[in-house]
Amino acid sequence: MKGVFPVGKFRELRTPFYYYDTEVLRNTLATIRVEAAKYENYVVHYAVKANANPKVLTIIRESGMGADCVSGGEIRAAIKTGFPASKIVFAGVGKADWEINLGLDYGIFCFNVESVPELEVINELAAARGKVANVAFRINPNVGAHTHANITTGLAENKFGISMEDMDKVIELAGNLANVKFIGLHFHIGSQILDMGDFAALCNRVNELQNKLDSCGIRIEHINVGGGLGIDYAHPNRQSIPDFKGYFETYDNCLKLRSYQTLHFELGRSVVGQCGSLISKVLYVKQGTNKQFAILDAGMTDLIRPALYQAYHKIENITSDEKPETYDVVGPICESSDVFGKAVDLNKVKRGDLLAIRSAGAYGEIMASGYNCRELPQGYTSDDLF
Ligand code: LLP
């Protein structure tokens, strides 16, 4: 089954470009809202890093989500789009002073702190402004996730977070600092996770840590379990909305949330992944020695996931219904890793055909680069074109 695209409109636009189907996005957001609302204390933040296209961000903000930011630039983008500062969390192992000051000046909800030196700097900068910053500690739970090595983050060997062994010491230190207020714990084990057992393992670890803190009389108001829910890259049409029901149910079943606690989520890929496609034009069909290449005008500069993570994206020829043939689908960049897919079956391809590289709404446009002095791809929503 192929996706449905306004091919006539696409012909008027300069390729390559990202196309966002706002119906898919809005349906996804509505599902998240309905499923999360089944639980009293669940708060969902959108991980801006997945896609900060202003039109996409606006639709997400309208759905009422908070924002999870990892840089001053993302905080600015969130504020500009109208996310209230009181719903912004700010994570990242290397927050620069100006970024911390920006968060302080806007009065964001919480800094997710990843080290003792960072805690001390936040305290210092908050003191200079006569403010008290809410902080949560990102704890490295040493829980592996069944996903690509480059996108697992919760193992002890990763650079992220504070080790479990140091948790009590850091909480105690925060208690002695006048300009930070400890309000919660933060976790994130990785991305593109489809095995709910991985989230259950995180819950078990959080339960253990909570029991330990309870026994020391330490009260935590907020638990933030990060993001990570994966999408079905193989079947973007059949399963365009991820299993949010199962996801929230896993947390409800496995995490022993105290009645006074709020559980926060930071979802990125699962919110925007399936609504976006990279649309590209075929420049040439080239016969190799024992294969044929479809050479596109889009390259790894527009969508780097296949080159960087060997990620699979379904590719469709949206302008041909001819009998399928097999192609290596490649870009024009001077790098041999500039390949979108090898031995891909596509309806017979000719120069000028449009191909859709699917499930590219997350970590697509936002990771585009200007390598080879190329222009950044544009992003259009279906609202723009109709
Ligand atoms: N929270 C934290 C602390 C994170 O580090 C991330 C993603 C998220 C939330 C959102 O995770 P999501 O729900 O999107 O899985 N560029 C890679 C993915 C990098 C993910 C980085 N952190 C890719 O294209 O697969």
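Mentor: Please bear in mind that this is a predicted model. A helix can be checked by its length: at 1.5 Å a residue, the 20 residues of α8 should span 28 Å, and its end C-alpha atoms are 29 Å apart, which agrees.

Trainee: Which residues of α8 are buried?

Mentor: A residue counts as buried when its relative accessible area is under 20%. In α8 the buried residues include Met196, Phe199, Leu202, Cys203, Val206, Leu209 and Leu213. Asp198, Arg205, Asn207 and Gln210 are also among them.

Trainee: What covers the buried residues of α8?

Mentor: The cover includes the helices α7 (167-175) and α9, together with the strands β6 (133-140), β8 (180-186) and β9 (222-224).

Trainee: How are helices α2 and α9 placed relative to each other?

Mentor: One compares their axes. Those of α2 (residues 22-36) and α9 (residues 244-254) come within 9 Å and cross at roughly 30 degrees. Angles under 35 degrees count as roughly parallel, so α2 and α9 are roughly parallel to each other. The crossing of α2 past α9 is right-handed.

Trainee: Which residues meet where α2 and α9 are in contact?

Mentor: From α2 come Thr28, Thr31, Ile32, Glu35 and Ala36, which meet Phe244, Lys245 and Phe248 of α9. By class, this contact of α2 with α9 has four nonpolar, two polar and two charged residues.

Trainee: What should one look for in the backbone?

Mentor: Most residues other than glycine have a negative phi, and most peptide bonds are trans. Here the peptide bond from threonine 15 to proline 16 is cis, with omega near -5 degrees. Proline 16 is in the loop between α1 (7-11) and β1 (17-20).

Trainee: Where is glutamine 310 placed, and is this residue buried or exposed?

Mentor: Glutamine 310 is in the loop between α11 (305-309) and β13 (315-317). Its phi is positive, about 55 degrees, although it is not a glycine. With a relative accessible area of 60%, glutamine 310 is exposed.

Key: Residues numbered from 1 in each chain as written. Predicted model: local features only at pLDDT ≥ 70, side-chain atom pairs only at ≥ 80, totals over all residues. Heavy atoms only, no water. Axes fitted to C-alpha atoms, helices over the stretch in contact; angles between N-to-C directions. Helix = DSSP H or I, 4+ residues; strand = E, 2+ residues; numbered from the N terminus. Parallel < 35°, antiparallel > 145°, perpendicular 65-115°, else oblique. Left-handed = near helix turned anticlockwise from the far one by under 90°. Contact = heavy atoms within 4.5 Å. Nonpolar A, V, L, I, M, F, W, Y, C, P; charged D, E, K, R; others polar. Expected span 1.5 Å × (residues − 1). Buried < 20%, exposed > 50% of the residue type's maximum accessible area, 1.4 Å probe, protein only.
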